[in-house]
Amino acid sequence: MGVSAFAAVDLGASSGRVIVGRVVDDGDGARVLLHEVNRFPNGPVRVPAVDVGGPGGPGGPGGSAGSGAGGATGATLRWDVLALYRGVLDGLRAATREVGTLDGVGIDSWAVDHGLLDADGALLGNPVHYRDARTDGVPDKVFATVPAAELYARTGLQVQPFNTVFQLVAAQGTAALAAARRALLIPDLLGAWLTGAQVAEVTNASTTGLLDATTRTWATDVAERLGIDPRLLPPLRDAGVLLGHVRDDVRADLGHHAPLPVWTVGSHDTASAVVAVPATDPDFAYISCGTWSLVGLELDRPVLTEASRAANFTNEAGVDGTVRHLRNVMGLWVLQESIRTWNEAGLPADLPDLLAAAAQVPPLTTVVDVDAPEFLPPGDMPARIAAAAARTGQTPPQSQAETVRCILDSLALAYRRAVRQAAALADRDVRVVHVVGGGVRNELLCRLTADATGLPVVAGPVEGAALGNVLVQARAAGVLTGSLADLRAVGARGLDLVRHEPGGAGTPGTAQWDAAEARLFS
């Protein structure tokens with residue numbers, strides 16, 4: 001085997017990166033070497049509405065801000081998708097300079113958010129951010145037409161206010177949706193700009209609330225009942241097929257002289273991350289830990305029971321026909337927002353120092369339900385944590401270290417509940433928990449997760465989504481062959497994995513974790 005090189009475009013809620021993955025074989029079997037060639041920031045932009053209803057517009061004769069038919073109603077949280085696209089192109093340009101000729105490009109990102117295209121294929125404004133408040137109250141409106149139990153039985157999706165189906169219903173009556181002829185999820189939008197192909201890759205399509213979880217086809221009848229034009233939904237494609245080739249003009253701008261294929265991958269970043277889980281035991285649970293934490297099992301069929309719906313578990317499509325039966329947990333977002341709040345207040349907020357101090361705080365002093373709705377929007381997380389603690393009769397954290405320890409204990413507690421409930425709902429044993437993603441670097445959180453679950457935790461890889469992205473590309477290109485297990489064996493070679501066993505010295509026991517859970521969910 002020669003050396004093959006692929007570019008993994010991995011877009012997260014706080015940053016994007018382009019990573020070159022080289023597939024090499026030095027005699028001990030194929031393995032993947034990753035090297036980041038570009039990293040760029042990502043984040044929401046609050047964009048004010050402009051009143052165009054009055055004769056003179058806002059501030060002009062006869063007009064004032066917020067007045068007039070169809071006038072401004074406030075600011076909308078949006079993604080700067082053009083900056084993301086520029087970061088992708090810069091990364092592909094850097095990758096081309098580094099390796100000369102790439103064997104492919106694959107794109108993965110977060111879920112649910114989308115761009116609307118008009119009849120000319122032009123983007124109708126920057127995509128709305130999933131943390132925008134426009135979907136407040138929309139799920140109840142949807143359930144009045146399609147009851148929650150019926151919707152879950154078809155789509156298997158956890159109720160989150162930002163699900164694409166709720167976003168599209170929230171957009172009804174807007175000029176953008178009226179002009180839209182296609183809705184493309186973020187990876188599919190970028191793929192369309194690179195290749196011209198307008199499709200929906202299945203793993204991300206399964207997060208919309210409009211994909212039938214059993215047939216993996218669009219639930220067009222559900223869309224029609226909700227007033228969503230099914231023509232917005234593009235043709236579906238599985239992960240691991242050719243999307244198309246980069247347009248000649250774009251390729252010339254990149255300096256890439258050979259044809260450059262774009263492969264579909266698990267375009268939901270968690271789907272790619274799960275491919276990279278270095279599991280050797282089929283009875284594993286995974287935690288894809290970043291801004292969000294996605295906690296669950298890999299199954300061969302969805303769990304569409306009423307018990308699964310009541311527990312708010314989701315059934316998202318995985319690579320090779322698998323199902324990711326999981327729950328979204330708020331994740332490191334709460335910690336990230338706390339650090340941002342402290343920085344803005346001029347307080348010291350060095351993460352390693354905070355984690356070292358948090359490790360000295362007595363365990364489980366204060367815990368909160370990190371999945372409570374008040375922790376979803378941006379804002380002062382330390383104040384929200386203090387208020388949540390007071391509401392549940394606990395002493396609010398009195399220092400930054402205590403706040404960080406509360407967050408990590410609370411995340412470990414949420415992981416514990418999710419792993420145990422997933423196993424019970426799917427009637428599966430779990431013998432090991434794999435943590436992938438940026439949370440791998442948080443050793444304290446990994447240790448707490450082992451203690452909370454009572455299971456060994458294997459931490460790594462950090463760049464799970466990028467590794468899974470490259471593995472699927474390499475198989476699609478014919479460089480690798482075999483099943484998911486075969487891809488995982490390739491991905492695991494050379495990884496620096498850390499195993500955390502439960503029950504270390506000075507750690508809380510099962511009774512303490514049970515008592516902490518009872519404070520919140522008795």
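Author: Gladly. This is a predicted model, and a search of the whole structure finds six cavities of 30 Å³ or more.

Reader: What makes a space a cavity?

Author: A 1.4 Å probe fits there but cannot get out. The largest cavity has a volume of about 110 Å³. Its lining has 14 residues, and those closest to the centre are Ile-107, Pro-187, Asp-188, Leu-243 and Thr-264. Helix H6 (186-195) and strand S12 (261-263) are the elements that give two or more residues to this lining, and H6 gives the most, with four residues.

Reader: Which classes of residue make up the lining of the largest cavity?

Author: There are nine nonpolar, three polar and two charged residues in that lining.

Reader: And why is another space called a pocket rather than a cavity?

Author: A pocket is an open set of points, whereas from a cavity the probe cannot get out, so the two names are kept apart. The largest pocket holds about 1,000 Å³ of space. It is lined by 47 residues, with Cys-289, Gly-290, Thr-291, Trp-292 and Gly-438 the closest to its centre. Among the elements that give two or more residues to this lining are strand S1 (4-11), strand S2 (15-25), H12, H13 and helix H17 (464-476). By class, the lining of the largest pocket divides into 20 nonpolar, 20 polar and seven charged residues.

Reader: Which residues of H12 are called buried, and what covers them?

Author: Buried means under 20% relative accessible area, so the name goes to Trp-333, Val-334, Leu-335, Glu-337, Ser-338, Ile-339, Thr-341 and Trp-342. Their cover includes helix H13 (351-358), helix H14 (381-391) and helix H15 (400-426). Just after H12, Gly-346 takes a positive phi of about 80°.

Reader: Where is Glu-463, and what does it contact?

Author: Glu-463 sits in the loop between strand S18 (457-459) and H17. Leaving aside neighbours within four places in sequence, Glu-463 is in contact with Asp-10, Arg-17, Ile-19, Leu-34, Glu-36 and Arg-39. These count as contacts because heavy atoms lie within 4.5 Å.

How values were computed: Residues numbered from 1 in each chain as written. Predicted model: local features only at pLDDT ≥ 70, side-chain atom pairs only at ≥ 80, totals over all residues. Heavy atoms only, no water. Buried < 20%, exposed > 50% of the residue type's maximum accessible area, 1.4 Å probe, protein only. 1 Å grid on protein atoms, 1.4 Å probe; cavity = no way out; pocket = protein on both sides within 12 Å on 5 of 7 lines; lining within 4 Å. Points joined across faces, edges and corners; volume = space filled by probe spheres on them. Nonpolar A, V, L, I, M, F, W, Y, C, P; charged D, E, K, R; others polar.
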